[in-house]
Amino acid sequence: MKQLLAFDLDGTLAEIGKRILPEHVDQLRLLEASGYRIAIVSGKPVDYLCGFARQLGLTRPILVGENGAVIQIGVDLPPRDFYILPYSQKAKQSIDFIRTKINTLLPHIWYQPNLVALTPFPKNQAEFDIIADCLQKNKPHVTDVRVYRHADSFDIVPCGVNKYNGMAYLGKLLDIPPENVIAVGDGVNDYPMFDYAGYAIGVHVAQEDKVDVNFPDIGQALAYLIG
């Protein structure tokens, strides 16, 4: 019996920066009514996910932000159930160090309002190059973190922070084993979540061997889950 449905947000439940379609909200509500717990597992911070989830009308959605680093159950603010995964002091020091370095070079850079990871958003290619050069030059001073370059940003996260470990932490909180979890996602940062879950559903995933079944869009994936 599958008990937990874990959905990525951007590129899965909704296009980047776009709303979720009303018919997909109805499908999520139907899945919850059939007995599933619904989790949104994203690289976005939980306060962003909270604003998104409030519009879904679910009973008590689970929010897993910053690629597994932060977990919130429900959309109440302040939250009643809120957890931050443990990570090393070295990682924290590295993140603080590189933030200072980036601020010196790009004092007006915008950061995603994270609690754990550092996510700067360059405005153009020149700023991308400045940050990449800064990270490379300071590599000996930046330890116990991983750096991911995306199309619009960089993610600098503590080692061990990923959707696999976030889901494992959540599974222990809810007493739900991995074999009772279905993960739904679209990108490489979802692969750890696919590895954790007992069943993986892709939404236009490039590497089809990472999932048990792959669909071209979320509507078909939701219909498959309902059916």
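D217 is partly exposed, because its relative accessibility is 32% and the partly exposed class lies between buried, under 20% relative accessible area, and exposed, over 50%, with a 1.4 Å probe and protein chains only. The model is predicted, so local features need pLDDT of at least 70 and side-chain atom pairs count only at pLDDT 80 or more, whereas totals for chains, interfaces and linings use all residues. Residues are numbered from 1 along each chain as its sequence is written, and side-chain values use heavy atoms, with hydrogens and water left out.

D217 sits in the loop between β12 (213-215) and α7 (218-226); helices (H or I, at least four residues) and strands (E, at least two) are DSSP runs, numbered from the N terminus. Its side chain reaches the backbone nitrogen of Q220 at 2.9 Å. This is a polar contact, defined as a pair of N or O atoms within 3.5 Å in which, within protein, one must be able to donate a hydrogen and the other to accept it, and residues adjacent in sequence count only if both atoms are side-chain atoms.

Two strands pair if DSSP finds at least two bridges between them.

β1 (residues 4-7) and β2 (residues 37-41) run parallel and are joined by four bridges, with L5 opposite I38 in β2. β2 in turn pairs with β3 in the parallel sense over three bridges, and A39 has I62 of β3 as its bridge partner. β3 is covered on both faces: I62 and V64 on one side, and L63 and G65 on the other, are all buried. Parallel pairing also links β10 to β11, through four bridges, and here G185 stands opposite G202. β11 (residues 199-203) is mostly covered, with four of its five residues buried.

The loops contain some backbone features of note. Most residues other than glycine have a negative phi, and most peptide bonds are trans. N67, in the loop between β3 (62-65) and β4, has a phi near 55 degrees. D175 likewise has a positive phi, of about 60 degrees, although it is not a glycine; its place is the loop between α5 (163-174) and β10 (181-185). N67 is buried, with a relative accessible area of 11%, while D175 is exposed at 66%. A cis peptide bond joins L77 and P78, with omega about -5 degrees, and P78 lies in the loop between β4 (70-73) and β5.

The pockets complete the picture. On a 1 Å grid over the protein atoms alone, a cavity is a set of points where a 1.4 Å probe fits but cannot get out, whereas a pocket is an open set with protein on both sides within 12 Å along at least five of seven lines; lining residues have an atom within 4 Å of a point. The largest pocket has a volume of about 510 Å³, a volume being the space filled by probe spheres set on the grid points, which are joined across faces, edges and corners. It is lined by 21 residues, of which D10, I16, H150, D152 and N189 lie nearest its centre. This lining divides into four nonpolar, 10 polar and seven charged residues; Ala, Val, Leu, Ile, Met, Phe, Trp, Tyr, Cys and Pro count as nonpolar, Asp, Glu, Lys and Arg as charged, and the others, Gly among them, as polar.

The second largest pocket has a volume of about 260 Å³. Of its 15 lining residues, Y148, V161, N162, N189 and P192 lie nearest its centre. β8 (145-149) and β9 (154-158) each supply at least two residues of this lining, and β9 gives the most, with three.
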